[in-house]
Amino acid sequence: MNSKERVRTALTRTSLPDRVPVQFDLCRSLLEAFGAQYGMPVQYNRSVYEDVTYRISANDLRTAMGSDCVVVGAGLPAGYDHPKTADGCIVNEFGMVMKPGVLYYDVVGMPFSGPTTPDDVRAFPWPNPVAAGRFDDAIRDIARFKDDYFIVGDLELTMFEMAWHMTGMEKFMVDMSAGEEYVGVLLDKVLAYSIGVGKKLVELGVDGIWAGDDFGAQNGMLISPRMWRRIFKPRMAELWQELKRANPDVMIMYHCDGAISPILGDLIEIGLEVFNPVQPNVPGHDPEALKSQFGDRLSFWGAIDQQQLLPFGTPEQIEAEVKAKIEVLGKGGGYMCSPAHIVQADTSMENVEAMIAAVHQHGAYT
């Protein structure tokens, strides 16, 4: 069974794969360190947003390290480079002024940070989701890996996160609560962009679309489930329906950090098939409870703690945690093991390798 067959078998829950599949994303410093170790210079596929860059880059390296997935996404248009400000910031295609930070670029300027009307949103020069060259890197990686690896099309910052990054989180949350008219127009514009990118990735041949918005914090949801159902649920349903019309076999995968168990049933209702990252140690995400309540309708991808375990645990502790998550979430299939987020520079190479090795050691179905 190759990686493509392994992942699809696991996540569709049609039968048991030979073992639990594994996937992981690494920050720049870890990519560079493993690239040197493997003698494979890292090729970065530039994106509108930096952490997405790391998710869609270095597929040759990550597959060599043991990943069963290849992740591709929308890059920058041909010949395009981010304009730079005098103080060293860049301005991305969505008008965000971004300053180099400790981990990623921090958004320090937003196009809709002031008073905003629906006409302001309509007049904004929205990027073309299928601009020439935007998918050159995706086309290359799909052609190279499509026969052997499960191809994930990354569509993160799908709606909520892109919208609040263009306004500022506090302003967007207040305006959303106050029913400001521009909010719906902005979300529809961002949704249209995501539909354009998503349908193009489906057309190019990805096996799954990985949408993403972080509606959860460490202790609960950032907005009420009622507000989510009113504002976001119908728009997410529209997106996933469009993708399924383009290819009924494409898997619907969703990244949502934090404690979002109150809306998991709703997400399944509108088409969710694979939930990521199953952030551990937050309310409502007990593995046994999730598997018991949703495991017959939903597959899980993630669940390995990258906040404490991977950076500060021993290889033996990592092995024990991977084994435990596989025993629960992987029972009967329906699980792909992965860190709950991009592994950061505070994690050693030894611990990354320990996680991958543990999946290979304990993930086999007999």
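Trainee: Which strands does helix 9 lie across, and at about what angle does helix 9 run to strand 5?
Mentor: Keep in mind that this is a predicted model. Helix 9 lies across strand 1, strand 5 (150-156) and strand 6. Its direction relative to strand 5 is about 170°.

Trainee: What is the strand order in the open sheet of seven strands?
Mentor: The pairing in this open sheet is parallel. Its seven strands come in the order 1-5-6-7-8-9-10.

Trainee: Which are the edge strands?
Mentor: Look back at the order 1-5-6-7-8-9-10. An edge strand here pairs on one side only.

Trainee: How many bridges join strand 6 to strand 7?
Mentor: Strand 6 (residues 208-212) and strand 7 run parallel. One of their pairs is glycine 208 with methionine 251 in strand 7. The number of bridges joining the two strands is five.

Trainee: What is the bridge partner of histidine 255 in strand 8?
Mentor: Strand 7 and strand 8 (residues 274-276) pair in the parallel sense over three bridges. With helix 12, these two strands make a right-handed β-α-β unit. Histidine 255 has as its partner in strand 8 asparagine 276.

Trainee: Is strand 7 largely enclosed or exposed?
Mentor: Side chains in a regular strand alternate between the two faces of the sheet. In strand 7, Met251, Met253 and His255 point one way, while Ile252 and Tyr254 point the other way, and all are buried. Five of the five residues are buried, so strand 7 (residues 251-255) is largely enclosed.

Trainee: Which residue in strand 9 stands opposite phenylalanine 275?
Mentor: Strand 8 pairs with strand 9 (residues 299-304) in the parallel sense, over two bridges. Opposite phenylalanine 275 stands phenylalanine 300.

Trainee: In the salt bridge of glutamate 269 with lysine 233, how far apart are the closest N and O atoms?
Mentor: Glutamate 269 is exposed, at 60% relative accessible area. Lysine 233 counts as buried, at 13%. Their closest N and O atoms are apart by 3.2 Å.

Trainee: Which helix holds both glutamate 321 and lysine 325?
Mentor: Their side chains meet in a salt bridge of 2.7 Å, N to O. Glutamate 321 is partly exposed at 25%, whereas lysine 325 is buried at 8%. The two lie four residues apart, about one turn, in helix 15 (residues 315-329).

Trainee: How many salt bridges does the count come to?
Mentor: Some link up into a network, as with Arg6, Asp18, Arg19 and Asp68. The count for the model comes to 24.

Trainee: Is aspartate 175 buried or exposed?
Mentor: Aspartate 175 is found in helix 8 (residues 169-178). Leaving out residues up to four places away in sequence, aspartate 175 touches Glu180, Tyr182 and Val183. Buried requires under 20% relative accessible area. Aspartate 175 has 13%, so it is buried.

How values were computed
Residues numbered from 1 in each chain as written. Predicted model: local features only at pLDDT ≥ 70, side-chain atom pairs only at ≥ 80, totals over all residues. Heavy atoms only, no water. Salt bridge = Lys/Arg side-chain N within 4 Å of Asp/Glu carboxyl O. Buried < 20%, exposed > 50% of the residue type's maximum accessible area, 1.4 Å probe, protein only. Contact = heavy atoms within 4.5 Å. Pairing = 2+ DSSP bridges. Right-handed = clockwise from strand over helix to strand, strands pointing away. Axes fitted to C-alpha atoms, helices over the stretch in contact; angles between N-to-C directions.
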